[in-house]
Amino acid sequence: MSDSAKLSVAGKDHEYPVLPGSVGPEVIDIRKLYAQTGTFTYDPGFTSTASCESGLTYIDGDQGILLHRGYPISQLAEKSSFMEVSYLLLNGELPTQDELDTFTRTITRHTMLHEQLATFYRGFRRDAHPMAIMCGVIGALSAFYHDSTDISDPQQRMIASHRLIAKMPTIAAMAYKYSAGQPFVYPRNDLSYTANFLRMTFSVPAEEYEIDPVVEQAMDRIFILHADHEQNASTSTVRLAGSSGANPFACIAAGIACLWGPAHGGANEAALNMLHEIGTPDRIPEYIARAKDKDDPFRLMGFGHRVYKNYDPRAKVMQKTAAEVLKKLGVTDPVFDVARELEHIALNDEYFIEKKLYPNVDFYSGVVLSAIGFPTSMFTALFALARTVGWVAQWNEMISDPAQKIGRPRQLYTGPTQRDYVPVAKR
Ligand code: CMC
């Protein structure tokens, strides 16, 4: 492409710079469009809009490529750890052993919650959805950690980021414990980030939870696969909330609220609920027919993606992990037979092939999480736990960007034009 693009508005030509990225589509810089032409661009759902400049994560949806700071997700999932990927996302480079040890120690030291927060949980109903609790508790963190809310101070931003990454497993595990009516389990600093989370979730005072290395690795991999994903809806929400100068805890609470939706992070829960609803493989054709029916709003949950139109590289890793975990745990739940059969049928069905609808990461992650023992209501909370590192890294990047402005989209107004108020007696 040339280094500028021409746009003709009302018979007058205007030229706009074309900016190259290091890889991927170039962008047309239309920041001066309104000042020069008095018009806006119209792009509901932002399908053609780059909202920011970012050096964190790159996705090529046609090729099925996902890179964090340049490293392919498959390599990170196979060879790295969630702590290392977190360091990479936050700092830009893979850590040396010393840097990794220091970072891991810092995160470990921040895993405890202010004790007063335990009473906060008791304000919720026992059957509250964990995501409702997560929104509330994370939003409340700013009331507990005032000393890391000055966003103009990079040091405070980093402390808030570390706190959020460290406390999410404790908060998510406590949400689970609260709904199960079991006592909260405190973090243990001698365990890895992931083992600690599993223990806080599944251990009870009467019986210590034995950490299976296959389960620990699968869980760590799920965290890596969900760590960041470019400018998705919840990340964009975090950025938009942060652009007003809101404190980081409030911004992450906003991201959690957005993630909860079934078209986004809520899909893993919706996917497993759907598999349960299907129940047995012989009922799959009925659901496939419903998914294809234009008059039926039903969609196959865990299939399709806004960006990946070839395959979801995270799903490939997750599919393998699912097989490993199911084998190791010897799980025989019929829901897994439904998942396998549904995957097979959909991948060979003309409708799904033509619309490029492949299983996404949420299709398989639900299967693994269920095999590990998580109830479906916890799935999205686990996604939020892992995505927190991406959210804080993106938020830090945005705050450090001198071009950053408050996010303020415009609109195509189609409401009534100006008219005079009519008193109620005359309407
Ligand atoms: N089942 C049946 N048909 C589908 C599905 C599906 N899961 N997804 C898309 N379609 C059809 C859709 O009806 C439309 O058909 P037509 O062109 O005839 O109107 C076509 O495919 C394109 O769909 P779209 O809604 O325009 O595509 P989108 O890019 O806006 O939506 C999506 C992407 C993920 C919201 C959608 O595929 C979906 O709702 N999937 C199910 C929910 C899901 O699994 N979400 C998790 C995404 S991965 C995790 C994450 O990153 O958050």
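Which residue in β6 is the bridge partner of Leu67? Pro72 is. I'll come back to that pairing.

Ground rules. This is a predicted model, where local features need pLDDT of at least 70, side-chain atom pairs count only at pLDDT 80 or more, and totals for chains, interfaces and linings use all residues. Residues are numbered from 1 along each chain as its sequence is written, and side-chain values use heavy atoms, with hydrogens and water left out.

Overall architecture. The chain has 18 helices and 6 strands. Both are DSSP runs, numbered from the N terminus: helices are H or I with at least four residues, strands are E with at least two. The radius of gyration is 23 Å, close to the 22 Å that the globule rule gives for 427 residues, so the chain is as compact as a globular protein of that length. That radius is taken over C-alpha atoms, and the rule is 2.2 Å times the number of residues to the power 0.38. Along the principal axes, the C-alpha atoms fill a box of roughly 75 × 65 × 55 Å. Of the 427 residues, 47% count as buried, meaning under 20% relative accessible area with a 1.4 Å probe, protein chains only.

Now the strands. β4 covers residues 57–60 and β5 covers residues 65–68; they pair in the antiparallel sense over 4 bridges. Pairing requires at least two bridges found by DSSP. Tyr58 has Leu67 in β5 as its bridge partner. The two strands form a hairpin with 4 residues between them. In that turn, Gly64 has a positive phi of about 70°.

Next, β5 to β6. β6 is residues 71–72, antiparallel to β5, with 2 bridges joining them. Here is Leu67 again, with Pro72 as its partner in β6. This hairpin has 2 residues between the strands, and Arg69 takes a positive phi near 50°.

Polar contacts are pairs of N or O atoms within 3.5 Å. A side-chain N or O atom of Arg299 is 2.9 Å from a ligand oxygen. Gly302 uses a backbone N or O atom, also 2.9 Å from an oxygen atom of the ligand. Tyr351 has a polar side-chain atom 3.2 Å from a ligand nitrogen. Taken alone, the ligand exposes 940 Å², and the protein buries 76% of that. Those areas come from the Shrake-Rupley method with a 1.4 Å probe.

How values were computed:
A polar contact is a pair of N or O atoms within 3.5 Å; within protein, one must be able to donate a hydrogen and the other to accept it, and residues adjacent in sequence count only if both atoms are side-chain atoms. Buried means under 20% relative accessible area, exposed over 50%, partly exposed in between (1.4 Å probe, protein chains only).
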